[in-house]
Amino acid sequence: MTVPLIERYRDRLQVPSDAEVVTLYEGSTPLIEAPRLSERIGARILLKFEGLNPTGSFKDRGMTMAVTMAKAEGAEAVICASTGNTAASASAYAARAGLHGVVIVPEGKIAAGKLAQSLMHGAKVISLKGNFDQALEIVRDLTEKHPIALVNSINPHRLEGQKTAAFEICDELDGPPDALSIPVGNGGNVTAYWKGFREYDTSPLLYGFQAEGAAPIVRGERVEKPETVASAIRIGNPARWKEAESAISESGGAIEMVTDRQILDAYRFVASEDGVFCEPSCAASLAGLIEYGLPVADDGKTPETVVCVLTGHGLKDPDTAISEGPEVVTCEADSEVVADAVFGAGS
Ligand SMILES: *Cc1c(COP(=O)(O)O)cnc(C)c1O
């Protein structure tokens, strides 16, 4: 039976019992075995495929909470700054709740699928001549001065919802994995996973990955003009910087960066070898393991089971997929020509 996330973990989420739950049946995503990646990395790799949430990213876990609470508190509108997935999710949950949705995205930098979603759900989409970090500053300012609820991950309800992914992993494995590998943008998700694992009295190693052109935490300084093909983690000044750093260091893990080329190679590998299509940002969690090897715990043990969080669906960003994939073969409508293309030399 499909259960709304808030109902599944109601005893661990602070939702007033009389609040109307705003849900699209998020969460309960599968952990998928990845035999080819496992072989390449040398550990049992499980993919927590968050792309199978209703709007195609993990943001829905936080959004069911944030919008449920906004509605319970009498809000009539919600707003967020977004690299795309928060916009798609906020737009869908606002529509579901009968609230106005407003999303501010960096001009020209948002993947086609995410823009399409926001528009179809009827949100007001504002394309900012600036980057995500500037969009977030403006949204913070607007919500201080106007009656509109902020649903970015600085909203604490978002992290409450997102911590449930850690519960699901432990419930399904009957205990924690040895390590968790995750892409890091604003740092909200890694912070939420750590919260979830701690509430279950567990502490897997957290291994976070940023993109080389947008790696403020790894470099220890803000990045003024973040650049990477992994648009969901194109963040120069993470909103949850300190929390993300503490989560990773308390776990005994590490945060590193990977290049766009490494991200794209891992993105293609997991799609073509293990059959799972994620968006480029997620592949940072795979590229990091391929590049740096497995993290080693304080006791010197190497993890045997590693969960990689695939934060969003590959269909979000068709343009990157089409430019990275193999060539399309065009043929005359003739059986021999097609046979040659299918079975002939070079096929
Ligand atoms: C939002 C997002 C991230 C980054 O998560 P943070 O909480 O900002 O660190 C990574 N991948 C995808 C697909 C996202 O949508």
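A pocket, in the sense used here, is an open set of grid points with protein on both sides within 12 Å along at least five of seven lines, while a cavity is a set of points where a 1.4 Å probe fits but cannot get out. A volume is the space filled by probe spheres set on those points. Please keep in mind that this is a predicted model.

With that in hand, let's begin at the second largest pocket, which holds about 170 Å³ of space. Its lining includes Thr-83, Pro-106 and Lys-109, the run Gly-130, Asn-131 and Phe-132, and also Lys-225, Pro-226 and Glu-227. Ser-231 and Arg-234 belong to the lining of this pocket too. Sorted by class, the lining has 3 nonpolar, 4 polar and 4 charged residues.

Next comes the largest pocket, with a volume of about 230 Å³. Its lining is made of 13 residues, and those nearest its centre are Asp-178, Leu-205, Ala-297, Asp-299 and Lys-301. Here the classes come to 4 nonpolar, 4 polar and 5 charged residues.

The largest cavity contains about 320 Å³ of space. It is lined by 29 residues, with Phe-58, Lys-59, Gly-185, Asn-186 and Ala-232 closest to its centre.

And which space does the ligand sit in? The ligand sits in the largest cavity. Around the ligand are 15 residues, of which Lys-59, Asn-85, Asn-186, Asn-189 and Thr-311 are the closest. By class, this shell has 9 polar residues, along with 4 nonpolar and 2 charged ones.

Finally, let's look at some individual contacts. Asn-85 places a polar side-chain atom 2.7 Å from an oxygen atom of the ligand. The backbone takes part as well: an N or O backbone atom of Gly-187 lies 2.8 Å from a ligand oxygen, and a polar backbone atom of Asn-189 is 2.8 Å from an oxygen atom of the ligand. On its own the ligand has 380 Å² of accessible area, and the protein covers 97% of it.

How values were computed. Residues are numbered from 1 along each chain as its sequence is written. This is a predicted model: local features need pLDDT of at least 70, side-chain atom pairs count only at pLDDT 80 or more; totals for chains, interfaces and linings use all residues. Side-chain values use heavy atoms; hydrogens and water are left out. On a 1 Å grid over the protein atoms alone, a cavity is a set of points where a 1.4 Å probe fits but cannot get out, and a pocket is an open set with protein on both sides within 12 Å along at least five of seven lines; lining residues have an atom within 4 Å of a point. Ala, Val, Leu, Ile, Met, Phe, Trp, Tyr, Cys and Pro count as nonpolar, Asp, Glu, Lys and Arg as charged, and the others, Gly among them, as polar. A residue is near a molecule or strand if one of its heavy atoms lies within 4 Å of it. A polar contact is a pair of N or O atoms within 3.5 Å; within protein, one must be able to donate a hydrogen and the other to accept it, and residues adjacent in sequence count only if both atoms are side-chain atoms. Accessible areas come from the Shrake-Rupley method with a 1.4 Å probe; for residues, only the protein chains shown count as cover. A molecule sits in a cavity or pocket if more than half of its atoms lie within 2 Å of its grid points.
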